[in-house]
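The structure is shown first.

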Amino acid sequence: MIKYILKRMLQSLITLFVIVSVVFLLMRLMPTDYFFTEDELIKLTDSQKIDKLNSAGLLDNPFVQLKNFYAQMFRIEYTYDSAQSARISVELAAGAVDGLHTAVEKTINQYYTDSDAAAKEITKMNDKVLTQTVVERITASALAIKDADDAAILESVYSQCADKALGTLLKDAKKACGNDIAEAFTATLNENIRTEIGAKVKGMTLTTSTSGFANVLNHLNPFNYTLHFSLGDSYRIQHGVSVIKVIMEKFPVSMVLGLCSLALALVVGVVLGILQARFKGGLLDQIGTGYTIFVNAVPHLVSYTLIMYVCAALFKLPMTYRAATPLESSIPPILCLAMGSIASYMLWMRRYMVDELNKDYIRLAQLKGLTTTQVMFRHVMKNAFLPLAQYLPYNILLTVGGSLLAESFFSVPGMGPLLTLAISRYDTNLVQAIVLFYAAMGIIGTFLGDLLMGVLDPRISLTKKGGTR
């Protein structure tokens with residue numbers, strides 16, 4: 001089994017590589033004007049356009065661009081220093097906040113004779129001046145000092161915090177206590193800030209880089225590296241935004257609609273298919289056959305329009321998708337998505353069950369005295385469902401990827417219309433990302449279907465040549 005999985009994974013990676021490479025090279029055959037927004041096409045001169053294309057590498061040989069594309073897709077970055085800097089920044093900011101709050105409270109309580117006024121002033125300072133955001137900005141600017149030792153950075157934090165606190169405090173202190181205390185108040189506050197911040201951050205190591213053997217160990221530690229996966233930015237749909245982010249904004253909507261429609265189709269389609277096979281030739285079988293013929297014969301736009309008007313007229317549901325009422329407006333597209341799948345599951349479940357009912361082992365079971373219901377549930381249903389189960393993971397992944405027709409018809413902001421929109425707007429990076437997304441889902445779905453067949457029926461061998469049930 002492991003050998004089979006590794007083999008299929010390798011085949012899948014090669015297939016994805018070929019698909020993405022072909023799409024990338026085809027997109028590079030398009031005119032370079034499509035790599036600019038409409039505003040850039042109007043405002044930029046020809047020389048500016050050429051300079052921008054050169055800087056982006058879009059005028060290089062297409063195969064060189066392809067190599068650069070794969071190099072940028074997977075980028076490994078050493079993040080130890082930046083992670084340490086972020087940690088130190090948080091700790092230093094927290095210490096500065098605690099120190100400032102303590103210093104201000106101590107100074108105000110010392111000079112304010114009115115306890116209510118002191119409490120009010122402390123609350124105001126905590127809410128307005130000595131906020132986490134202000135101190136974090138001060139800390140970041142202090143840590144940006146190059147080649148500074150710990151003392152210099154702490155001095156920078158102290159001085160900036162003191163200046164920030166003194167400006168507002170002195171103004172209010174003069175009103176509360178009089179101008180005559182301004183000099184003493186300033187000196188005391190300065191000293192308290194220096195003392196309290198120093199006490200809070202005492203012993204903190206502010207250096208981010210390492211040297212010697214420790215530096216070698218840090219570079220050998222795989223947890224100090226971050227893998228960045230990028231497919232580039234959108235040119236036209238959302239200029240400058242990562243195409244992965246664009247897809248992830250649309251995917252949840254399609255996923256919810258797809259999973260709901262698939263669950264509905266599975267339950268209704270499989271149950272009705274079983275009943276059709278159980279009562280073959282009866283009224284229910286004829287109705288189910290008629291429904292299947294209707295769904296496959298009538299164009300989808302006609303049936304979608306019928307469902308839309310029925311839902312709006314009888315159940316007062318919205319005719320198009322509305323973000324304000326996602327539950328109600330999702331029902332019509334879910335029904336439309338499920339309608340075709342229900343007919344498919346009914347048709348194939350009935351076919352497989354009728355085929356199983358005509359096999360010799362079913363006749364043997366009946367001769368042994370098993371009732372029709374026992375035969376159906378113990379033998380027929382299990383074996384008949386196996387062919388459907390093979391394509392179930394594929395259908396799940398394909399469905400959650402969105403339906404072009406249904407989502408466009410109901411104005412659903414999902415994955416369905418995104419590919420055609422990207423193609424019509426010549427958004428090359430987005431087209432490549434969506435093609436990769438759908439190709440990966442198709443390959444993964446087929447692979448999982450094979451594995452599911454082996455799990456449901458141990459007689460199926462995935463590793464032996466010519467293995468059958």
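Which side chain meets that of Arg 350 in a salt bridge? The partner is Asp 285, at 2.8 Å from N to O.

## Model and confidence

This is a predicted model, in which local features need pLDDT of at least 70 and side-chain atom pairs count only at pLDDT 80 or more, while totals for chains, interfaces and linings use all residues. Residues are numbered from 1 along each chain as its sequence is written, and side-chain values use heavy atoms, with hydrogens and water left out.

The mean pLDDT (the predictor's confidence in each residue, from 0 to 100) is 81, and 91% of residues reach 70 or more. Confidence is lowest in helix α8 (residues 150-177), with a mean of 72, and highest in helix α12 (residues 283-297), at 90. Helices are DSSP runs of H or I, at least four residues, numbered from the N terminus.

## Salt bridges

A salt bridge is a side-chain nitrogen of Lys or Arg within 4 Å of a carboxyl oxygen of Asp or Glu; the count is 5. Arg 350 in helix α14 (residues 326-357) and Asp 285 in helix α12 are 65 residues apart. Asp 285 is buried at 5% relative accessibility, and Arg 350 is partly exposed at 22% (buried is under 20% relative accessible area, exposed over 50%, partly exposed in between; 1.4 Å probe, protein chains only).

Arg 87 pairs with Glu 91 at 3.1 Å; both lie in helix α5 (residues 80-111), 4 residues apart.

## Cysteines

The structure has 0 disulfides (cysteine sulfur pairs within 2.5 Å). The cysteine sulfur nearest to Cys 336 is that of Cys 311, 7.3 Å away. Cys 336 is buried, at 2% relative accessibility.

Note on methods. Helices (H or I, at least four residues) and strands (E, at least two) are DSSP runs, numbered from the N terminus.
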